[in-house]
Amino acid sequence: MTATAGQARCCSDSQQYEIRLQGHLDSRWAERLEGMAFAFDGDGTTTLTGPLADQAALHGLLTRIRDLGLPIISIRRIDSDVQRPTDNSGQ
Amino acid sequence: MERSAEEPLAANPLLASKLYAPRWRAASVLRPRLTQRLDRGTESKLTLVSAPPGFGKTTVLAEWLAARAAEQQPVAWLSLDSSDNNPATFWTYVVSAMQAVQPNIGRAALAMLQAPQPPATETILGILLNEAAALSSPLVLILDDYHVIEIVAIHDGLAFLLDHLPDQLRLVIASRADPPVPLARLRARGELTEIRAADLRFSPAEAAAFLNGAMGLSLSADDVAALESRTEGWIAALQLAALSMQGRADVAGFISAFTGNDRYIVDYLVEEVLQRQPAQVRSFLLRTSILERLHAPLCDAVTAEGGSRAILETLERGNLFLVPLDDRRQWYRYHHLFADVLRSRLGEEQPGQLSTLHGRASSWFAAEGQSASAIRHAIAANDLARAAGLVESEAQMAMRHHRPDRLIEWVKAIPDELVRAMPVLSTYYGHALQGMGDMEGSKARLDDAARWLKADADQQGMIVVDDDAFASLPSRVALGRAYLCMAAGDVAGTVQHSRRALELLAEDEHHWRGAASALLGLALWFDGDLESAQALRGQGGASFEQAGDINLATISAYHDGDLLKARGRLSEARTRYERGLRLALQHGERAAQGAANLYIGMADLCCELNDLDGAARNLGHAEELGIIPPRTPYRYLLARARLLQGHGDLAGAFELLEEAERIYVRGAVPDTRPIGALKVRAQLMQGRLDEALAWVRASGLSFDDELSYPPEYQHLTLARVLIARFRRDGDTRSLAEADALLTRLRDAAETGGRGAAGIEIRMLQAFVARCAGDLAGANQQISEALTLAEPEGFARIFLDEGLPMRDLLRQAVSAGIGGDYARRLLASFAGPGEGPPTAASPVTGLAEALTARELEILRLVAGGMQNQAIADHLVISLFTVKRHIANAYGKLGVGHRTAAIVRAQELGLL
């Protein structure tokens, strides 16, 4: 992946996503949720981070989250060459 | 692929549970606020209940349903699941659900949905909606769990339904997500009522009523508030919390622990609930969570223990998220959220068990003959060999019930190397791929199967589960190859492979024999050998009848009629239609579409016999049954056009031909009378020769084309155009070309047994001879034509030719040819008001009569006199002679002396 920041990517490329959910979800659910990494934030939310193959995989994951009744707070696509601020919600 | 329509989807054993509306429990909290909104919602087209799982959508609908039932206002219910993602299946269930409440609605729609060639969804829905509009009391239909539907075609159908929803039909959709239909538009027009999560949440008062009332707890107002706040009124959570607190000594401790953490509520609470269950129940819950539906014997099998019935009853009594699927307490399911958590716990605690549990479920379902579930569980168990075996056993049935999509879905889960090692599975998969239009894929799979079947094949590593299917495999492969050839337009290949299939098929494999015979007959038809085609198609129809495939048998009868008419066997065609109608009408609505086509075929036949009243009657019968797309409408218009022509309304007939052309849909069988050529013939009748000539140029047809069967009608039309050209312009080359073409066409028609064409050709040859001045030749040809035509009663083939034919017949009769038959035909050429309808052809009658002077000069021209001599003879100027001649030619529609003479003779002027 050598594309420069800002260049449009084909929507079928694998991307890193970060999804924040209301409530603490036990990491036991990781397998059900595409093997995403779980991080618990102090404000009572859970952040899922991980790669998704394409948009279809993203929508599949969102459907599964919907079916658990977990409110979604935000969805963010993470550009791989943008520096993320370090914090202790690690990968 | 031919489909059998005889296994109605509605007989599916699962249907009962899909139509079973949930029973409302008296112990539940009453929510008049919501049921009143649902009542008001019946004034809008659509009521949408949209919220994530666990918000009590189904419960509130159940409460509403119970209230309406108590007031004699029944509501139709349909529970959707993910295997309903097929338009025909979906709409069949919708109609079935409506029928549970209104038995008389939707019969025609159901019949269409299950027909071999279903019309477009919108057509079927249109008919259903018309019936709904005529209901005496409004019908409410609830679709539960609509979020499982993913197919765009179904969403489009639903949008169409909503667009055209009559007042007597109301829709309620319950879903976890807003359905992709134009909600904004409905909202803007006030046609949408919504009940969303915010509406469904328990209010603090409702929460109190639930916890302290329904669940029998005694919580303080503060406790209730704390719980209500933590769960935000999410009903499932409150239910779980209540279950966790029942009989617990330290309720306060529970509440404080629960409200003091942020854990995913359902996870936390289910854990609490599980912990409080006896070990046996807990184990039961976890292990049976893999099942989509629960049944005591099934649970016994999965847990490998007994006592499931007692446990299920306990769970139901304890309100532990067990939902009954019928009134007899045979089948249940877990509430989705509950099951999700149980499954995740099972996955965490006993990951190794999953495969075993699914395997046991698969075995149980297989023993019960419920293959779809057996396959699903085998795949979940990752026991792909077993899954593949089950798919193989189910493959033939899936094809017969026209669900290639299901077969393809199942095969997707099986590794390719495994499929390729299974010839039976490969073969039916190959057939299924054809159903989806993937010919290349189909060929590859048939090739895979064929490799194992070769005489010298090394069958090492081959896997066969269904031995009977394996024994019959060579015929299935041959038939599959025949279809591929047909799709590729390879007639010779189709003949070869379908013959082979027939050799291989057993006598009692009626459905398959029917399919093979019909296909071979079709290929022979394209080849132009109508007699052999007829024989095979006849066998095909008989086989379909024996197999009980009424729809296919009726379609067969319709095409048989076409073939017989083309062979010139009119009375046999009539018998065939009548026999087909008797069979179709015995089966009522299911065969109505086919029967309409048969009436149209009869009407066309009546036209040929000049029984115009009979034709009109038959068209009326067809209208009563319904003229349903895709193909019946244009056939109907063609028959109507023919009837109009018989009555002399050429302009009206032409308009109908143009409309038929607009709505034409190609079928699999050859088009014996293509609309384009029919239009040209109509144009010729109206004297529009230039347009006809333009068609010839555009079509690239030529008199010296190599002749083959399907374009025969066009070549005959070309011959007519050439003759018409000679008549108008005196162009002898056209006449010679027509002559040559007709000679060759005649031989070809003879070889192929195309009797009707044989009559037409001789008739046209008679015209050619007449135009060339060969009266004896004309008599010879017309005599032959009449001889062939008389036994079958052909009439309009001659009458439609108009005055040139009258002229020929007069000549023939006065030469003692044709007998009574010719005299009767002649009598039919009466003028307007003088008896039975004739072909009043403006082109062969004169729009403007010749003046006496013009006629006089014409006679002199015919006598061979030159213009100057005529001027001298009549004592007028040469200029005047030329003027009269020009006028006469104009009225006769010719431009040339010779043509003028012929035309005048035809008109009986000379």
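Strand β4 (residues 169-175) of chain B is mostly covered, with seven of its seven residues buried. Buried means under 20% relative accessible area, exposed over 50%, and partly exposed in between, for a 1.4 Å probe and protein chains only. Strands (E, at least two residues) and helices (H or I, at least four residues) are DSSP runs, numbered from the N terminus.

This is a predicted model: local features need pLDDT of at least 70, side-chain atom pairs count only at pLDDT 80 or more, and totals for chains, interfaces and linings use all residues. Residues are numbered from 1 along each chain as its sequence is written, chains are lettered from A and ligands numbered from 1 in the order in which they are written, and side-chain values use heavy atoms, with hydrogens and water left out.

**The parallel sheet**

Both faces of β4(B) are covered. L169(B), L171(B), I173(B) and S175(B) are buried on one side. R170(B), V172(B) and A174(B) are buried on the other.

β4(B) belongs to an open sheet of five strands, in the order β2-β3-β4-β1-β5 (chain B), with parallel pairing. The edge strands are β2 (75-79) and β5 (192-196) of chain B, and each pairs on one side only. From one strand to the next, the twist averages 15°. Axes here are lines fitted to C-alpha atoms, for helices over the stretch in contact, and angles run from 0 to 180 degrees between N-to-C directions. Two strands pair if DSSP finds at least two bridges between them.

Strand β1 (residues 46-50) of chain B pairs with β4(B) in the parallel sense, over five bridges. Strand β3 (residues 139-144) of chain B also runs parallel to β4(B), joined by six bridges. The table gives residues that stand opposite each other.

| Residue | Opposite residue in β4(B) |
|---|---|
| S50(B) | S175(B) |
| V140(B) | R170(B) |

How does the chain get from β3(B) to β4(B), and which hand does the crossover have? The path goes through helix α7 (residues 152-163) of chain B, and this β-α-β crossover is right-handed. Right-handed means that, with the strands pointing away from the viewer, the path from the first strand over the helix to the second runs clockwise.

**The largest cavity**

A cavity is a set of points, on a 1 Å grid over the protein atoms alone, where a 1.4 Å probe fits but cannot get out; lining residues have an atom within 4 Å of a point. The count comes to eight cavities of 30 Å³ or more. The largest holds about 70 Å³ of space. Grid points are joined across faces, edges and corners, and a volume is the space filled by probe spheres set on the points.

The lining consists of K45(B), A159(B), L162(B), D163(B), P182(B), R185(B), L186(B), R189(B) and E191(B). α7 and α8 (183-188) of chain B each supply at least two of the lining residues. By class, the lining has four nonpolar, no polar and five charged residues.

**The antiparallel sheet**

A three-strand open sheet has the order β6-β8-β7 (chain B), with antiparallel pairing. β6 (294-295) and β7 (322-324) of chain B each have a single partner strand, so one side of each is left without a neighbour in the sheet. Three bridges join β7(B) to strand β8 (residues 331-334) of chain B. L322(B) has Y334(B) as its bridge partner in β8(B).

Key:
1 Å grid on protein atoms, 1.4 Å probe; cavity = no way out; pocket = protein on both sides within 12 Å on 5 of 7 lines; lining within 4 Å. Nonpolar A, V, L, I, M, F, W, Y, C, P; charged D, E, K, R; others polar.
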